[in-house]
Amino acid sequence: MSIKRRDLLKSGLAGLAAAGSVAAPAIANAGDKKTFRWKMTNAYPAGAPFYSTGPGSASYFCKRVEELSGGRLRIKHYAAGELIPAMEGFDAVSKGTIEMNWANSYYWAGKTFAAQYFTTVPFGMNFQGTNAWLQEGGGKELWDEVYKPFNVIGLAAGNTGVQMTGWFRKPIESVEDLKGLRMRIPGLAGKVYEQLGVSVKLLPGGEIFPALERGVIDAAEFVGPYQDRRLGLQKAAKYYYTTGWSEPSNTTECLINKDAWNSLPDDLKAIVEAVASECNLMSHVWSEAHNSEALDDLVKNFGVEVKTLPDPVVAKLKELTFKTLEEYAAKDPLVKKVHESYFAFKEKHDAWQARSEEVVMTKL
């Protein structure tokens with residue numbers, strides 16, 4: 001029987017992480033002695049910080065699981081293109097060709113529209129709210145329900161926090177300026193932009209810079225200052241827009257084949273879930289620590305102009321976002337169920353934030 005992640009968190013994830021070298025032998029010697037050798041693919045390229053390498057990344061996850069399991073569960077990580085193409089991880093895990101994939105659930109919107117809610121929702125919740133919904137508000141149970149027909153489960157294993165609106169080769173001063181643009185952007189935000197005349201492209205991270213540099217696309221959204229700078233997007237476009245409307249947070253998904261998951265003894269499941277939670281927190285902390293310096297560098301040393309989308313543009317994007325969400329919810333009972341759960345929780349979380357963090361920040 002799977003151990004719920006919120007129970008693991010309450011039992012003290014921090015203690016498990018800090019005492020890994022001590023706890024690992026006890027865990028490894030408990031119960032079933034069978035060892036497991038799994039494969040994990042990734043939607044992001046080799047060397048990509050946050051996603052492939054570094055704190056809270058896929059490679060960190062695999063290393064940490066092996067350490068805490070005493071080598072009973074070893075997961076070999078393959079970056080995008082090393083074993084399968086970047087965007088084929090969902091099908092490979094669903095079929096059981098591989099056991100795990102590291103990506104974002106909104107990439108699978110073509111399989112089920114509801115998948116997007118577990119990565120981000122435009123004008124939705126921030127890092128705190130999203131995780132609260134997933135762990136305490138029924139979000140994880142809905143994630144399992146949405147993925148049940150595909151024989152997979154998803155775990156939250158990372159979060160970038162709020163993301164930038166994106167890079168544009170020309171300034172955006174009105175809604176009309178969006179018409180005719182070719183833009184790389186995934187998820188629901190892409191469907192919203194399409195209604196304003198934007199030609200939306202879904203490109204993996206490694207293909208964004210060359211497409212923007214050559215003029216194949218006119219604009220691109222990726223993550224935030226640190227990772228965008230690493231891709232070199234500042235060399236292809238100078239206008240860097242914010243508001244975070246499209247991705248107020250962004251959850252990394254560790255996707256697992258359900259049969260493979262069920263084959264694990266409970267202690268190994270607990271380790272996988274605990275390490276996913278560790279990566280979820282660690283990656284967000286890493287993003288918060290590095291984005292400020294990177295943004296300052298982009299402005300001072302690369303001549304990037306950081307701008308905020310005009311209010312009328314944001315208002316139109318918000319109108320179309322909720323119109324689109326409601327249309328999809330009306331067509332699919334499961335989407336409606338997820339949608340209503342998400343926004344009911346958001347309403348309560350917003351009320352709390354308005355009386356807590358927002359008040360504090362205005363006084364500092």
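In this predicted model, F50 is buried, with a relative accessible area of 3%. The residue is found in the loop between strand 1 and helix 3 (58-68), and F50 has a positive phi of about 80 degrees although it is not a glycine. Most residues other than glycine have a negative phi. A second residue with a positive phi is N151, for which the angle is near 60 degrees and which is likewise not a glycine.

The C-alpha trace spans about 65 × 45 × 40 Å along its principal axes. Of the 364 residues, 55% count as buried, while the accessible surface of the protein chain comes to about 15400 Å², with 54% of that area belonging to carbon and sulfur atoms. When contacts between residues at least 6 apart in sequence are considered, 78% join residues that are at least 24 apart.

Strand 10 (251-257) is largely enclosed by the rest of the structure, because seven of its seven residues are buried. In a regular strand the side chains alternate between the two faces of the sheet. In strand 10, T251, E253, L255 and N257 point one way, whereas T252, C254 and I256 point the other way, and all of these residues are buried. Strand 10 runs antiparallel to strand 3 (residues 100-103), to which four bridges join it, and M100 stands opposite I256 in strand 10. The pairing of strand 10 with strand 4 is also in the antiparallel sense and extends over seven bridges; there, T251 of strand 10 is the bridge partner of N159.

A further group of strands forms an open sheet of six members in the order 7-6-8-5-9-11, with mixed pairing. Its edges are strand 7 (199-201) and strand 11 (305-308), each of which pairs on one side only. Strand 6 (residues 182-184) and strand 7 are joined in the parallel sense over three bridges, and R184 stands opposite K201 in strand 7.

Among the helices, helix 6 (residues 139-147) has G139, K140, L142, W143, V146 and Y147 as buried residues. These residues cover an arc of only 160 degrees around the axis, which puts them on the same side of helix 6. The elements that cover the buried residues of helix 6 include helix 4 (89-95), helix 5 (127-136) and helix 13, together with strand 4 (152-159) and strand 10. Strand 4 and strand 10, both part of this cover, are the elements paired over seven bridges as described above.

Helix 12 (residues 311-331) contains 21 residues, which at 1.5 Å a residue should span 30 Å, and the separation of 31 Å between its end C-alpha atoms agrees with this expectation. In helix 12, the buried residues are V313, V314, L317, L320, T321, T324, L325 and A329. They cover an arc of only 165 degrees around the axis, which puts them on the same side of helix 12. The face turned away from that buried side carries the exposed residues D311, P312 and A330. The buried residues of helix 12 pack against helix 7 (187-194) and helix 13 (333-355), and helix 13 is also included in the cover of the buried residues of helix 6.

Note on methods: Residues numbered from 1 in each chain as written. Predicted model: local features only at pLDDT ≥ 70, side-chain atom pairs only at ≥ 80, totals over all residues. Heavy atoms only, no water. Helix = DSSP H or I, 4+ residues; strand = E, 2+ residues; numbered from the N terminus. Expected span 1.5 Å × (residues − 1). Buried < 20%, exposed > 50% of the residue type's maximum accessible area, 1.4 Å probe, protein only. Arc of directions from axis to C-beta. Contact = heavy atoms within 4.5 Å. Areas by Shrake-Rupley, 256 points an atom, 1.4 Å probe, with all protein chains shown as cover. Pairing = 2+ DSSP bridges.
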